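Please look over the sequence and the structure below before reading on.

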Amino acid sequence: MGDSIHLSAADLATLAFFLAVWVLHTLASDGRLVSRVSLTTAMNAQREAWMRNMAEREVRIVDTAIMTGLQQGTAFFASSSLIALGGCFALLGASDRVLQVLADLPFGAASSREAFQTKVFGLVLILAFAFFKFGWAYRLFNYCSILIGAVPIPHGAASRNPISETAVWRATRMNVLAGKHFNSGLRAVFFSIGYLGWFVDPVVFVISTLVLLAVLVRRQFFSAARQAVLGQPPGAGKGSSIRPDSQ
C-alpha cells in the first residue's frame, strides 16, 4: 500500500500516530476520555446558562448581537480555510522548487515528487474538512438565531411552562452543536500546523504533533481560560468543599 501511494513505512506509521492523537484529543475535549472537565465542556454549560438567561429577557438585542459575532467569526475561519486550500493547489504547481528548499533544510529528508504531492493532498483533505465544519457551524448558528426568536417572551410563571422549556432546550442544543462543529473545524486548523512537520521528515512530524498536542492539552485542561470559566472570585464560596481544580 505504501508503494502505491509513494509513502515509506515510516511515513505511514507517523501518519497513523498523527490521526490517533487527533482522535484521542477530540474525545478528551468532549469529555468522553478523561474525567477532568475540559474548557470545551465548561463552555457548553455556559451556553446552556446563556440560553436560560435569554429566555427570561423580553428584549434580546444582546443575544442577537452575540450570535452575530459568533457567525462572523465562523465565516472568517471558513474563508481562511478556502484561501489555505488555494495555497495548497499553488504548492502543487511549485513542487520541484519546494522540494529543493526542503532538501536544503538541516533536518530535511529526501522525498520524491509523488510522495510530496501525496502529502499535499493530505493537507488539502484536512483544510477541506475544516471548511465544511465551519460552513456547517455557520448554518447551525443561523438556525440557533431562529430558535432564539422562537422562544416565547416571558410573562411571569408562563416563562417556565413546558412550551417555553422545550423552546429553550432546542436553542441550547443547537447552540452546543454549532459550537461543537466550530471547535472541530478549529481543531483541524491547529492540526494542519502540526501536519506541516511531515514535509520535512517523519521524526519532525512526530515532534510537531507532540508539541501541538501539549499546547492543546494545556489550553483545554490547565489554562487560565479554563480557570476563569470554572473558578470563583476571591472570597466567594468559602463554605463549599468543591474546588474547580478538583474537577
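A residue is called buried when its relative accessible area is under 20%, and exposed when that area is over 50%. The model under discussion is predicted, and the sections below proceed from the whole chain to individual residues.

## Overall architecture

The protein chain has eight helices and zero strands. Read from the N terminus, its elements follow the order α-α-α-α-α-α-α-α.

Of the 247 residues in the protein chain, 38% are buried. The chain exposes about 13800 Å², and 66% of this area is supplied by carbon and sulfur atoms. Among contacts with a separation of 6 or more, 77% are made by residues 24 or more positions apart.

## Annotated transmembrane regions

An unreviewed UniProt entry places the feature "transmembrane region" at residues 76–99, 120–138 and 195–217. Over residues 76–99, the model is 96% helix and 0% strand, with 31 Å between the end C-alpha atoms. Over residues 195–217, the chain is 74% helix and 0% strand, and the end C-alpha atoms lie 17 Å apart.

## The nonpolar core

The largest nonpolar core holds 46 residues, and those with the most contacts inside it are F18, M51, V120, I148, F191 and Y195. Two or more residues are given to this core by each of helix 1, helix 2 (39–55), helix 3 (61–93), helix 4 (95–103), helix 5, helix 6 and helix 7. Helix 5 gives the most, with 15 residues.

Which residues does F18 contact, leaving aside its neighbours within four places in sequence? They are I126, F191, Y195, F205 and T209.

## Aromatic pairs and their cluster

A pair of aromatic rings is described by the distance of the centres and the angle of the planes. A search of the whole structure finds 16 aromatic pairs. One of them joins F18 and F205 in a tilted arrangement, at 5.2 Å centre to centre and with 35° between the planes. This pair links distant parts of the chain, as F18 belongs to helix 1 (residues 9–29) and F205 to helix 7 (residues 202–221), 187 residues apart.

F116 and F199 form another aromatic pair, which is edge-to-face, with 5.6 Å centre to centre and 65° between the planes. Because F116 lies in helix 5 (residues 113–150) and F199 in the loop between helix 6 (162–195) and helix 7, the pair ties together parts that are 83 residues apart in sequence. F116 and F199 are both buried. The residues of both pairs belong to one aromatic cluster, formed by F18, W22, F116, F129, F191, Y195, W198, F199 and F205.

## A charge over a ring

R219 and F190 bring a charged group and an aromatic ring together: the charged end of R219 sits over the ring of F190, 5.9 Å from the centre of that ring.

S29 is found in helix 1. Is S29 buried or exposed? S29 counts as buried because its relative accessibility is 0%, and the cut-off for a buried residue is under 20%. Not counting residues up to four places away in sequence, S29 touches S38, T40, T41, R187, Q220 and F221.

Notes:
Residues are numbered from 1 along each chain as its sequence is written. This is a predicted model: local features need pLDDT of at least 70, side-chain atom pairs count only at pLDDT 80 or more; totals for chains, interfaces and linings use all residues. Side-chain values use heavy atoms; hydrogens and water are left out. UniProt positions are given in the numbering used here, feature names are shortened, and annotations may be inferred rather than shown by experiment. Helices (H or I, at least four residues) and strands (E, at least two) are DSSP runs, numbered from the N terminus. Rings of Phe, Tyr and Trp (its six-membered ring) pair if their centres lie within 6.5 Å; planes under 30 degrees apart count as stacked, over 60 as edge-to-face and the rest as tilted. Buried means under 20% relative accessible area, exposed over 50%, partly exposed in between (1.4 Å probe, protein chains only). A charge sits over a ring if NZ of Lys or CZ of Arg is within 6 Å of the ring centre and within 35 degrees of the ring normal. Contact means heavy atoms within 4.5 Å. Accessible areas come from the Shrake-Rupley method with a 1.4 Å probe; for residues, only the protein chains shown count as cover. A nonpolar core is a set of buried Ala, Val, Leu, Ile, Met, Phe, Trp, Tyr and Cys residues joined through side-chain atoms within 4.5 Å.
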